[in-house]
Amino acid sequence: MLYSVVKRFFDIFLCAFALLVLSPFFLIAAVGVKLSSPGPVFYRSDRVGKNGVPFHFYKFRSMHETNNNKHMCVADAERLFPFGKFIRKTKIDELPQLLNVIKGDMSIVGPRPMTMASQMYTGEYERVRTVRPGLTSAASLYDYVVGDTYTDNDAYKREVYPVKQKLELYYVDHISFGYDVSLVFRTIYLIIAVAFGKKDFREMPELSKIRTKESKQEVSVQ
């Protein structure tokens, strides 16, 4: 209970501060998108929130609109325009979600919200939906470093999805204010590092812990 109250307070306080400080980036992004591609400035999608409650999720649009827009887990290179690629890489396209946090749809840290049709949080991963989705998580950091290297949608679902599922469930099982703070600082570091061209990163500590747990479970079964 205390964790939830403290987290909500910091969500509102930090997002309100971020909106004030980052407002120039909102203007730059809005003008850049409008000049780069015909269509709306924002991309809107219906996402699944805490306990399965749907909400409207916003981003700055980074891809050209077509008559055959379909959900893709990876960026469609043919539709991605240059300025859109820049705001995706720097995560500026995610800034409108600060408003989702203030509204209470999301938190700063939490599992990434999935589309209504997604099967990512089903079965043993259903518990992921019991917490408020967030702007960043261990899974989103993994996706930022590893997932962004994929161009094939099927390969992404086959190879990246399972890892993200495990990382999101790991967060739910180890949720704490300290872990949230560490993920915020890791996110800031990663965005800056990638912006300056860094490509090689150490394996995430969560993954080694997940493997150790799986190994112990396999031994106990045997």
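The second largest pocket of this predicted model has a volume of about 410 Å³. Of the 14 residues that line this pocket, Leu190, Phe201, Arg202, Glu203 and Met204 are the closest to its centre. Helix 5 (138-145), helix 8 and helix 9 (205-221) each supply at least two residues of the lining. Here a pocket is an open set of points on a 1 Å grid over the protein atoms alone, with protein on both sides within 12 Å along at least five of seven lines, whereas a cavity is a set of points where a 1.4 Å probe fits but cannot get out; lining residues have an atom within 4 Å of a point. Grid points are joined across faces, edges and corners, and a volume is the space filled by probe spheres set on the points. Helices (H or I, at least four residues) and strands (E, at least two) are DSSP runs numbered from the N terminus.

Because the model is predicted, local features need pLDDT of at least 70 and side-chain atom pairs count only at pLDDT 80 or more, while totals for chains, interfaces and linings use all residues. Residues are numbered from 1 along each chain as its sequence is written, and side-chain values use heavy atoms, with hydrogens and water left out.

The largest cavity holds about 50 Å³ of space, and its lining includes Val48, Gly49, Tyr121 and Val128, together with Pro111, Arg112, Pro113 and Met114.

Turning to the helices, helix 1 has 20 residues and reaches 28 Å from its first C-alpha to its last, close to the 28 Å expected at 1.5 Å a residue; the expected span is 1.5 Å times one less than the number of residues. Its buried residues are Lys7, Arg8, Asp11, Cys15 and Ala18. Seen down the axis, these residues fall within an arc of 110 degrees, so they line one face of helix 1. The arc is that of the directions from the helix axis to the C-beta atoms. Leu2, Phe9, Phe17 and Leu20 are exposed on the other side of helix 1. Buried means under 20% relative accessible area, exposed over 50%, and partly exposed in between (1.4 Å probe, protein chains only). The buried residues of helix 1 pack against helix 2, helix 4, strand 3 (107-109), helix 7 (161-173) and helix 8 (177-195).

A similar description can be given for helix 2. Its 14 residues (residues 23-36) should span 20 Å at 1.5 Å a residue, and the end C-alpha atoms are 20 Å apart, which agrees. Phe26, Ala29, Gly32 and Val33 are the buried residues of helix 2. These fall within an arc of 140 degrees when seen down the axis, so they line one face of the helix. Leu27, Ile28 and Leu35, on the other side of helix 2, are exposed. The buried residues of helix 2 pack against helix 1 (2-21), strand 2 (54-60), helix 3 (82-89) and helix 4 (97-103).

At 8% relative accessibility, Leu98 counts as buried. Leaving aside residues up to four places away in sequence, Leu98 touches Cys15, Ala18, Leu19, Phe26 and Leu135, contact meaning heavy atoms within 4.5 Å. Cys15 and Ala18 are also among the buried residues of helix 1, and Phe26 is one of the buried residues of helix 2.

The strands come next. Strand 1 (residues 42-48) and strand 2 pair in the antiparallel sense over seven bridges; two strands pair if DSSP finds at least two bridges between them. Across this pairing, Tyr43 stands opposite Lys59 and Arg44 stands opposite Tyr58. The two strands form a hairpin with five residues between them, and the turn contains Asn51. Although it is not a glycine, Asn51 has a positive phi of about 60 degrees. With a relative accessible area of 55%, Asn51 is exposed.

Lys91 also has a positive phi, of about 65 degrees, although it is not a glycine. Lys91 is placed in the loop between helix 3 and helix 4 and is partly exposed, with a relative accessible area of 26%.
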